[in-house]
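Please consult the sequence and the structure while reading.

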Amino acid sequence: MRGRNPARLSRRRFNQLGLGALAGAALPNIAACSAPSSDAVNSQLVHGATGGGLKDTLDPHFPVTIPDIARVRQLYESLYRFTPDYKIEPALAEEITPNTDGSEWTIRLRPDVRFHNGRPVRAADVRASLARMLNPESPAPFLTDLLPIADLQSSRILDERTFRFKLKAPYVILDEMLANYSVGIIPEDFDPAKPIGTGPFKADVFVPGQRSRFARNDDYWGTQASYDELVIIDFTDDAAKVNALLAGQLQTIDNLPTYLVEAIGRQGAKPLISETGGWVPFTMRVDVKPFSDKRVRNALRLIADRQQMIDQALGGHGRLANDVYAPFDEAYLGDKLPQREQDIDQAKALLRQAGAQDLQVELVTSTAVGTGGVESASLFAQHARKAGVDVRVKKVDPSVFYGDQYLSWTFAQDFWSTRNYLSQVVNCAMVDAPYNETHFNNERFAGLIRSAFREMDPERRRMLMQDAQRIEYEEGGYLIWAFQNQVDAYGKFVTGVEPAREQPVSAYRFNTFRPVEGS
C-alpha cells in the first residue's frame, strides 16, 4: 500500500500554480464587494465559495451548487439540524415525535423564534413550508420521496406552536429528513424575490454567479453572529480563490486543493480538515450503452487504483471506499463487502465477456465537483489505458456541468455531502429520486427501501438496508473510490472555526465565527 502522507509542495510548484504573488491578486468581483479596510475587518466576513453560475439561487428548497448551499444556510433553518459530529438535534422545533408506527408526527416549535421581518414562527408556517416543498408540480428534492404518502389535508394545526403531520404510510426517518439544510421553514406569504427566513443573517445583495451579501440578524434566537456583514463570493478558479485568502481579501474558503495544506500554513493561513462521509463518485448511467451492461460497470470499478487516487487526487486526505455510501450510518456495509481493488486482468475478462474490449468513453468532469474531482478523472484515464480502455476526459465549465445536461451525462462525476443511508437513497438511487444521476431502476432494491421506511424495529430495518446495499454494490452505477476529508481554509484573524462532518467550513455556520481580538 502506498504511503498516505500528502506530498510537500515545492516552491517551484507553488509558483507554477500562480500562488506566489499574494497581495497583488485582487479580483474584480472582490473589489466590487468593497473588500474591508483594516478598520472594517472585524465587521465583515468574506467567504470564497467554489463553483456557482447564472443559475445560482436563494431559494431555500432548491439549492444545487456549493455557493447555493452556503447561502441558504445563512437565511433559513430546518426544524432539526445536524451537530458537527452528524447527530440530529432540535433547531426550530423543540421536538418532533412519531406515533407508534411512524405514520403521524407531532412537531412542537420553539417559543422564541422570529422571521427576519419580526413575525413569530407559527405552526401555520410549518404547514405552508411543507405544502411548498410537497407541491406535486415542483417538489423539493429532499422531500420528493414523501410526496406520495404526505397527507396535508388530514394534517392539523393544534395550536400556534404545534402541527401534526399525517402520512398515508409509515416513514420512520421523518425527523432525520427534516434536519436537512434544504428543508428550511419559511413564512406563509413567502416571496422568493424577497427571501425571508429565520437564519442568523438577512439577505441584502445577490448577484448570481458572482457574489452575495448578508446583514446580521440581530433578533436571531441562537448564537448571534459577531460580524455585521457576511459576503459570499463565487470562485471557479482555485488559484484565484487561494490567492484572495492569502492576500487577506477573504477570511474563509471552502475546498482548498489538498496539495496546498502545508503551503498555506507557511503563508499565514490555516487549513481546516474534517473527516466526513462526503464522496465524489464516477457516475455511470445504467440505462444506456455501454454501461447498461453491469459487466462493463464492474470492469471500470476494477480498473480504478483507489489508493493512488486518494494519495494523489486528495493528497492523502481520504479513506478507502467500496462503491457503497453513508459510512456513518449504523447499517453501513461497505467495510464488510469484499474490497474492490485494481485488478486489470479481471477487468479485461469482464470487458471481453461484454464484447467491450475496445471500449472508448468520454468522462465529463468539472472543478464544480470539488476537491479531487478533475485530478481523479485524469488518474482514472491513466488506469483505464492499462486495460485497453480509452477514456477521454472532458472538463467543462461549472455552469455547463450543472446546467441543462446535468443528470444526463453518460459518464461523469458529482459530489455528495455526508448523509445516512436512507436519506441518501431517496436523493440519488430510487427511480424517481431527484438526483438519480446513474438512472438506477431496480425493483427489488426499491422494495427493500420501501420496507425499510415502514420498519420501526431498528434491527430489521438495518437488515433491509444492508440487503439494499448489496444490490447497489453488484448492480449500481456508482464507482465510489473514497470518502474524502473536507479540506477548507481560513485566515489568521478568524477564530471559532471547527471541523464538521456534514458540510464545508463548519457546515457554513458563519454565525459561530469570531474575529481574533485585537485584529
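The charged end of R340 lies over the ring of Y473, at 3.9 Å from its centre. A charge sits over a ring when NZ of Lys or CZ of Arg is within 6 Å of the ring centre and within 35 degrees of the ring normal. R501 is likewise placed over the face of F328, 3.8 Å from the ring centre.

The model is predicted, so local features need pLDDT of at least 70 and side-chain atom pairs count only at pLDDT 80 or more, whereas totals for chains, interfaces and linings use all residues. Residues are numbered from 1 along each chain as its sequence is written, and side-chain values use heavy atoms, with hydrogens and water left out.

**Aromatic pairs**

Rings of Phe, Tyr and Trp (its six-membered ring) pair if their centres lie within 6.5 Å; planes under 30 degrees apart count as stacked, over 60 as edge-to-face and the rest as tilted. By this rule there are 25 aromatic pairs. One of them joins F282 and F411, a tilted pair with 6.3 Å between centres and 35° between planes. Because F282 belongs to strand β13 (residues 282-284) and F411 to strand β17 (residues 411-413), this pair ties together parts that are 129 residues apart in sequence. Strands (E, at least two residues) and helices (H or I, at least four) are DSSP runs numbered from the N terminus. F282 is buried at 0% relative accessibility, and F411 is buried at 1%; buried means under 20% relative accessible area, exposed over 50% and partly exposed in between (1.4 Å probe, protein chains only).

The ring centres of F510 and F513 are 5.5 Å apart with planes at 90°, so this pair is edge-to-face. Both residues, F510 and F513, are buried. One aromatic cluster includes W279, Y325 and F401.

**Pockets**

Nonpolar residues are Ala, Val, Leu, Ile, Met, Phe, Trp, Tyr, Cys and Pro, charged ones are Asp, Glu, Lys and Arg, and the others, Gly among them, are polar.

| Pocket | Lining by class |
|---|---|
| Largest | 11 nonpolar, 2 polar, 9 charged residues |

In the largest pocket, α15 gives the most to the lining, with 4 residues.
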